[in-house]
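Q: How should I read individual features in a model like this one? Please take me through some cases.

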Amino acid sequence: MIKIPSAMVTNVGGTIDWTLSGFHNRTGGAVNDFTIIDMPGRGLNFSSGSMPAFANGAGVTYDIRYRVAGSSQWRTLVTGVNAAAPFTFSLPQPGNIHYTEIRFDFGTVPANFGLGNTIILTFVVGSGAPNNTLVNDFMVSHNRGTTHGQSPHTPTVVPPRPPTNGTLVPDGNGYIELDDNNVPQGNWEWREGNGWAFTPFPNTPVPLGPLPQTGNESLIYWISAIVSLMASGGLIALIMAKKKKKFK
């Protein structure tokens, strides 16, 4: 089984631990080709692992192999690790490499090998988790038989903060951005695989400053005042007065 990870809600760019357990040899006798393979889903970018001193591990060694998304090739990290002693290891992880399988090949192991032991795997949380949830599966095989393990827990991924210095107000799965006057400017939406996308609101209102003398902030008021002045002949009188002054 896979135990509950260290956090049920985690941020993109953060780390999360997954604990594997219950993978011991249950047959009551020695088995061949004993293998454990962890299969992290998208959004779980493997970083490091902590292996125990396996129960009944005297004389047993194991190899660690892995595969990277987009390639079917198994690559070997290390061979001949002593199963009777603790061991830690890591893989290069800038934060976006998806290792699709982490594999531990033990060869022949005795009865109850690994009884009561756990393996702790650490992942960097990426932005590619389907439906913003993290899923991790693993399987144990030996003597050409396979048993699948799966975690019923699917931690939620919280996307990083949108790339803006503006004020953000939570809105569904995204944010509304406000300007310095708290006027809504647009919506930030998290799009799986593409990151944050900003959509400006149409016809975003721009507040008018106070107009002097009148106390009225409406542009319509000023337009109507000019029309009224023209209709009453006031504007013509003003022009004529200026002309008379010019020819004195």
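A: This is a predicted model. Start with Asn56, which sits in the loop between β5 (44-51) and β6 (61-68).

Q: Is Asn56 buried, partly exposed or exposed?
A: The term follows from the relative accessible area, with buried meaning under 20% and exposed over 50%. Asn56 has 43% relative accessibility, so Asn56 counts as partly exposed.

Q: Which residues does Asn56 touch, not counting residues up to four places away in sequence?
A: Those residues are Pro110, Ala111, Asn112 and Phe113. With Ala111 there is also a polar approach: a polar atom of the Asn56 side chain lies 3.0 Å from the backbone oxygen of Ala111.

Q: Where is Asn136, and is Asn136 buried or exposed?
A: Asn136 belongs to strand β11 (residues 136-142). Its relative accessible area is 1%, so Asn136 is buried. The side chain of Asn136 is joined to that of Asp38 by a polar contact of 3.0 Å.

Q: How much space lies in the second largest pocket, and which residues are closest to its centre?
A: The second largest pocket holds about 190 Å³ of space. It is lined by 13 residues, and Gly22, Phe23, Arg26, Val140 and Thr147 are the closest to its centre. The elements giving two or more residues to this lining are β11 and β12 (145-150). By type, the lining of the second largest pocket has four nonpolar residues, eight polar and one charged.

Q: How is a pair of aromatic rings described?
A: Two values are used, the distance of the centres and the angle of the planes. The whole structure has 15 aromatic pairs. In the pair of Phe89 and Phe104, the ring centres are 5.9 Å apart and the planes stand at 75°, so this pair is edge-to-face. Phe89 lies in strand β8 (residues 87-90) and Phe104 in strand β9 (residues 99-109), so the pair ties together parts 15 residues apart in sequence. Phe89 is buried at a relative accessible area of 7%, and Phe104 is buried at 0%.

Q: At what angle are the ring planes of Trp188 and Phe198?
A: The planes are at 45° and the centres 4.9 Å apart, so the pair is tilted. Trp188 is in strand β16 (residues 184-191) and Phe198 in strand β17 (residues 195-200). Trp188 counts as buried at 10% relative accessibility, whereas Phe198 is partly exposed at 33%.

Note on methods: Residues are numbered from 1 along each chain as its sequence is written. This is a predicted model: local features need pLDDT of at least 70, side-chain atom pairs count only at pLDDT 80 or more; totals for chains, interfaces and linings use all residues. Side-chain values use heavy atoms; hydrogens and water are left out. Helices (H or I, at least four residues) and strands (E, at least two) are DSSP runs, numbered from the N terminus. Buried means under 20% relative accessible area, exposed over 50%, partly exposed in between (1.4 Å probe, protein chains only). Contact means heavy atoms within 4.5 Å. A polar contact is a pair of N or O atoms within 3.5 Å; within protein, one must be able to donate a hydrogen and the other to accept it, and residues adjacent in sequence count only if both atoms are side-chain atoms. On a 1 Å grid over the protein atoms alone, a cavity is a set of points where a 1.4 Å probe fits but cannot get out, and a pocket is an open set with protein on both sides within 12 Å along at least five of seven lines; lining residues have an atom within 4 Å of a point. Grid points are joined across faces, edges and corners, and a volume is the space filled by probe spheres set on the points. Ala, Val, Leu, Ile, Met, Phe, Trp, Tyr, Cys and Pro count as nonpolar, Asp, Glu, Lys and Arg as charged, and the others, Gly among them, as polar. Rings of Phe, Tyr and Trp (its six-membered ring) pair if their centres lie within 6.5 Å; planes under 30 degrees apart count as stacked, over 60 as edge-to-face and the rest as tilted.
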